[in-house]
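Colleague: I would like to learn how to read a few features of a model, one at a time. Could we start with a strand and then move on to an interface?

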Amino acid sequence: MTPGFARRRAAIVGVAFGVLFTATPARGQSGLESVIQQFSGATIQGYIQPLADALVANLSIGYINSTIPGRKLSISVELIGMTAAVDDAMRVYSAATPTGFQPATIDAPTIFGGPATEVQHSSIPGLSYRPSDGLVDAEYFPTFGPQIRVGGLLGTEVVLRYASSSMVPVLKEEDFPDLTLLGIGLQHSLTQYIKGLPLELSIGGSFNSIKFGDIVDLSSTSYGINVGKSFGLFGVSGGVQSDGGTMNLTYDSTDPNGAGDVDVDIDVKRALRFRVGASLSLAFLRLFGDAAFGGVTSYAAGLRFGF
Amino acid sequence: MLARLTKTALVALVAMSGLGASCFSITDPFVVAVNLKDIKATYNVTPGTVTFDPGCITKNPADYIGSNFDVAGGGQLVDVIVKSNGTFAGNITSGQIRIGGSTQALQTLVTYSGSWAAFNTPQSLLQRNTTMTLNQAGVTTLKSLIQNTSPIVICHGGALSQAAGTGMSIDLSIFAQVNATP
């Protein structure tokens with residue numbers, strides 16, 4: 001492992017909510033920026049789509065940590081970690097080679113796909129093409145962040161999630177472009193309107209935004225319905241939610257087939273996921289977690305301090 | 001009991017954090033196939049001449065690869081594109097693109113021929129609409145130069161089927177990649 005790589009990984013670990021992109025010390029351009037610029041606006045989607053999918057899957061969970069919002073005013077600080085499972089379908093995509101090249105398409109690594117291989121032109125010796133490596137080698141793609149929860153607002157809980165790379169003093173701006181995570185979630189009790197239900201019923205939703213440098217700007221929304229039941233210290237919940245979002249990329253492409261300014265939206269198609277969660281309350285501490293199953297499976301675990 | 005549960009919960013949380021970190025790393029080395037930029041030039045054809053030898057240009061490393069990359073070894077020639085500008089009724093009979101580290105050490109990269117009008121539409125090795133032939137020695141030379149981030153001298157010449165008119169020029173563009181780490 002090179003010292004540069006070790007520094008990069010240290011920087012990565014230092015970002016508590018870790019969208020984990022390499023940075024090159026004293027050069028001011030991250031690995032992510034460097035690789036994205038090799039793609040035109042028409043060819044970037046296959047490489048970056050799995051990252052958008054994983055981020056939306058991560059950011060859409062971790063907001064619910066009780067079966068139902070409490071009726072008493074409460075405030076708490078939480079640390080939350082989410083991780084999306086990276087399956088094989090997220091590692092390879094069918095990439096178009098430059099116009100006229102044969103074969104016209106090849107299997108190329110996505111951002112999660114590992115090393116790429118050079119492809120020879122099928123009939124013109126001397127011509128070859130190579131896609132770029134996948135940047136991230138991961139079975140799970142994590143995201144972390146702190147959040148503040150205020151409850152007891154007419155049966156509603158409000159959660160504010162915020163983190164910025166500027167909050168991590170060991171990171172220098174020239175090494176690690178600004179990364180900002182912002183999220184807001186709501187959970188509202190329906191049980192207060194419907195008496196006699198055997199389970200506790202609530203609706204919830206969230207808006208999330210994550211920006212990385214000047215090139216990545218992802219936003220997502222999620223909404224759903226939840227049922228839950230408390231058993232003393234323990235609580236379990238489940239529900240269905242709809243998640244979707246858009247990743248906007250703005251960069252200067254060096255692809256000869258599409259060089260110049262690129263401003264492209266990568267759509268994360270809205271899809272239903274089923275969520276299950278559990279919590280364990282211990283005085284002023286609460287350990288909670290949930291998982292959402294669908295096109296992308298993601299898990300969240302958190303620790304709440306407060307009353 | 002409560003204290004024990006709390007301790008267990010915290011240990012579980014820390015263990016999950018460690019698991020998440022251990023399942024994640026950056027590809028090392030992370031190799032980007034960098035599109036080399038600006039390996040292109042426009043060569044003017046002198047009116048009245050039958051052979052054209054408009055000269056050579058030199059592309060320095062700073063012209064074609066950003067300083068934020070370290071070459072990791074390996075490169076690819078993807079395509080060579082030729083485009084003629086201006087009106088001319090004749091043909092290009094022996095277009096030649098040579099490449100090297102200096103004007104004293106040139107290898108032929110591509111030869112081409114065809115009607116001048118056909119080349120008004122960009123012609124490339126990949127499209128193969130006209131006669132363009134790749135020379136392996138030139139490919140090897142080009143790859144060696146870009147892998148060593150050396151200056152690249154590109155010379156261009158050829159012959160026409162009749163004397164050139166005014167306002168004629170030829171654009172040459174080389175699409176190559178070098179494998180590099182950011």
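Predicted model: local features only at pLDDT ≥ 70, side-chain atom pairs only at ≥ 80, totals over all residues.

Modeller: Start with side-chain direction. In a regular strand the side chains alternate between the two faces of the sheet.

Colleague: Which strand is joined to β9(B), and in what sense do the two run?

Modeller: Strand β7 of chain B, residues 106-115, is joined to β9(B) by four bridges, and the two run antiparallel. To place the pairing, look at one position: B:Thr131 in β9(B) has B:Ser113 opposite.

Colleague: Where do strands pair across the two chains?

Modeller: β6(A) pairs with strand β1 of chain B, residues 24-26. The sense is antiparallel and there are three bridges. Within that pairing, B:Ser25 in β1(B) has A:Asp137 opposite.

Colleague: Now the interface as a whole. How many residues of each chain are in contact?

Modeller: On chain A 54 residues take part, and on chain B 40 residues. Together the chains bury about 4,100 Å², with 64% of that area on carbon and sulfur atoms.

Colleague: How many salt bridges and how many polar pairs are counted between chain A and chain B?

Modeller: The salt bridge count is zero. Polar contacts come to nine residue pairs, with both residues at pLDDT 80 or more. On chain A, the elements that each supply at least two residues to the side touching chain B include α1 (3-14), α2 (31-36), β6 (136-138) and β13 (260-282). α1(A) gives the most, with four residues. By class, this side of chain A has 28 nonpolar, 17 polar and nine charged residues.

Colleague: Last, a single residue. Is A:Val119 buried or exposed?

Modeller: Compare the relative accessible area with the cut-off. A:Val119 has 17%, and buried means under 20%, so A:Val119 is buried. A:Val119 is found in strand β4 of chain A, residues 119-120.

Colleague: Which residues is A:Val119 in contact with, leaving aside neighbours within four places in sequence?

Modeller: A:Phe101, A:Pro103, A:Ile106, A:Leu127, A:Ser128 and A:Tyr129. For a position elsewhere in the chain, take A:Ser220: A:Val119 and A:Ser220 are 101 residues apart in sequence and 37 Å apart in space, C-alpha to C-alpha.

How values were computed
Residues numbered from 1 in each chain as written. Chains lettered and ligands numbered in written order. Heavy atoms only, no water. Buried < 20%, exposed > 50% of the residue type's maximum accessible area, 1.4 Å probe, protein only. Contact = heavy atoms within 4.5 Å. Buried area = accessible area lost by both parts, 1.4 Å probe. Salt bridge = Lys/Arg side-chain N within 4 Å of Asp/Glu carboxyl O. Polar contact = N/O pair within 3.5 Å; in protein donor to acceptor, adjacent residues only side chain to side chain. Nonpolar A, V, L, I, M, F, W, Y, C, P; charged D, E, K, R; others polar. Pairing = 2+ DSSP bridges.
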